[in-house]
Amino acid sequence: MAASMAERILVRRIRCPIFTARREHRPKKKWASTLPAVSGPHLALQYFDSNYSLQFGDVWGSMRLALLSEQKYGALVNAFSRTEAIMVNLSALHSADCLRKEWPPGAQLSCYTFPRGDLSRFPAPRADALGLLEYYLMDAASLLPVLALNVQPDHRVLDLCAAPGGKTLAMLMQNCRFLAANDSSVSRTNRLRRVLQSYIPHYLRTEDRVRVSSWDGTDWAEHESYDRVLVDVPCTTDRHSLMEEDNNIFSRVRMKERQRLPALQTSLLLAGLRAVTPGGDVVYSTCSLSQLQNEFVVERALEVAATEYGIRARIQELRPFCEMFKDTFNFHVNCRIGELVVPHLAANFGPMYICLLRRER
Ligand SMILES: C[S@@+](CC[C@H](N)C(=O)[O-])C[C@H]1O[C@@H](n2cnc3c(N)ncnc32)[C@H](O)[C@@H]1O
């Protein structure tokens with residue numbers, strides 16, 4: 001006897017579990033946990049291989065090798081400590097100041113690096129008699145955005161994305177009149193505070209000299225208020241992403257955040273352009289090789305600044321500036337806008353993208 005319509009539906013429901021469970025009882029498909037577990041560094045390498053081989057052609061091979069090899073550090077001498085003695089000690093390690101001979105206006109800053117091809121490491125810094133650490137270990141290329149900004153003693157400076165604070169320290173060592181150091185992350189701002197405590201004497205950490213805040217930089221409300229603005233944005237941190245699983249921006253759970261980076265970077269650069277006074281300078285920087293996060297962001301921000309806010313800013317030539325550092329850093333030769341330090345086995349600093357913008361009105 002043929003089954004009735006009701007029986008046929010019942011049989012279908014029993015065979016097919018999707019019909020049996022009510023919507024609220026169905027197991028939720030979690031794509032992040034159901035997809036095969038691929039590590040963040042592995043995904044980063046896949047992404048870089050497909051994008052950077054197109055962007056850089058044959059040169060990508062040597063950059064890739066350097067990125068996967070040990071990074072070089074520089075020791076930024078604490079200008080508030082006993083600098084002469086520190087420099088004697090660093091010289092005794094056969095490292096040399098990579099800034100002093102090449103960049104007279106930045107003479108307040110001294111950063112020691114080992115010669116090209118020398119992969120020695122600096123020992124951890126010690127505290128001096130006042131409890132201040134003698135030097136700050138950082139990628140020496142991270143000082144280029146600070147030097148390009150050319151901070152002078154009478155300047156009011158904004159560091160919009162400041163934590164953990166290597167560049168903030170360098171700008172404070174240039175004795176600017178006032179520095180606002182901001183970072184939207186509260187935990188990272190606390191880290192920045194600890195860095196300042198370890199390197200800056202307490203009498204210079206007053207509110208009228210340095211102010212630390214944890215605001216969203218895209219909403220920066222002080223317009224036309226600063227002579228210099230550093231916009232060192234969150235990015236794909238290419239070297240970190242290839243090496244560290246922890247907090248990796250290429251992990252599947254952070255995919256949306258990564259895709260939104262260029263929009264966030266553009267908003268932050270726009271905020272920087274609004275914060276600087278006409279005639280003042282903004283440096284936009286990232287530690288990524290990606291054109292999407294570098295040149296394209298600068299172009300888009302300039303366009304929006306002009307159309308939405310009537311702000312005109314011009315990109316400044318940095319080639320002569322970079323020429324002064326060519327013995328220490330390896331610069332990409334074909335950067336359309338701004339300059340890019342690319343990792344190289346003999347000079348394994350970077351990536352560091354720098355673009356200097358002068359606001360005209
Ligand atoms: C590349 S890191 C800055 C490094 C820092 N300039 C230094 O030299 O140590 C980018 C920073 O941007 C911060 N950030 C992300 N989104 C932000 C936002 N909307 N406003 C301000 N800071 C933000 C992150 O917390 C991160 O600390």
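The following legends describe close-up views of a predicted model of one protein chain.

**Figure 1. Overall content of the chain.** The protein chain contains 14 helices and 12 strands. Of its 361 residues, 48% are buried. Among contacts in the chain with a separation of 6 or more, 72% are between residues 24 or more positions apart. The accessible surface of the chain is about 18000 Å², and carbon and sulfur atoms contribute 54% of that surface.

Figure 2. UniProt lists Cys287 under "active site", in an unreviewed entry. Cys287 belongs to the loop between β9 (276–286) and α13 (295–309). When residues up to four places away in sequence are not counted, Cys287 touches Cys235, Thr237, Asp238, Pro351 and Met352.

**Figure 3. The cis peptide bond at Pro351.** Pro351, one of the residues that Cys287 touches, lies in the loop between β11 (339–341) and β12 (352–359). The peptide bond from Gly350 to Pro351 is cis, and its omega is near 5°. Most peptide bonds, by contrast, are trans.

Figure 4. Helix α8 comprises residues 166–173 and is mostly covered, as eight of its eight residues are buried. Among them are the charged-type residue Lys167 and the nonpolar residues Leu169, Ala170 and Met171. In the loop between β5 (156–159) and α8 lies Pro164. A cis peptide bond, with omega about 5°, joins Ala163 and Pro164.

**Figure 5. Two asparagines with positive phi.** Most residues other than glycine have a negative phi. Asn175, which follows α8, has a positive phi near 60°. The loop that holds Asn175 runs between α8 and β6 (178–182). With a relative accessible area of 38%, Asn175 is partly exposed. Asn150 also has a positive phi, of about 50°, although it is not a glycine. Asn150 is located in the loop between α7 (143–149) and β5. Its relative accessibility is 29%, so Asn150 counts as partly exposed.

**Figure 6. The largest cavity and its lining.** The count of cavities of 30 Å³ or more comes to one. The largest cavity holds about 50 Å³ of space. Its lining consists of Phe80, Leu172, Ile200, Leu204, Arg209 and Val210. Five of these residues are nonpolar, none is polar and one is charged. Leu172 of the lining is also one of the buried residues of α8.

Technical notes: Residues are numbered from 1 along each chain as its sequence is written. This is a predicted model: local features need pLDDT of at least 70, side-chain atom pairs count only at pLDDT 80 or more; totals for chains, interfaces and linings use all residues. Side-chain values use heavy atoms; hydrogens and water are left out. Helices (H or I, at least four residues) and strands (E, at least two) are DSSP runs, numbered from the N terminus. Buried means under 20% relative accessible area, exposed over 50%, partly exposed in between (1.4 Å probe, protein chains only). Contact means heavy atoms within 4.5 Å. Accessible areas come from the Shrake-Rupley method with a 1.4 Å probe; for residues, only the protein chains shown count as cover. On a 1 Å grid over the protein atoms alone, a cavity is a set of points where a 1.4 Å probe fits but cannot get out, and a pocket is an open set with protein on both sides within 12 Å along at least five of seven lines; lining residues have an atom within 4 Å of a point. Grid points are joined across faces, edges and corners, and a volume is the space filled by probe spheres set on the points. UniProt positions are given in the numbering used here, feature names are shortened, and annotations may be inferred rather than shown by experiment.
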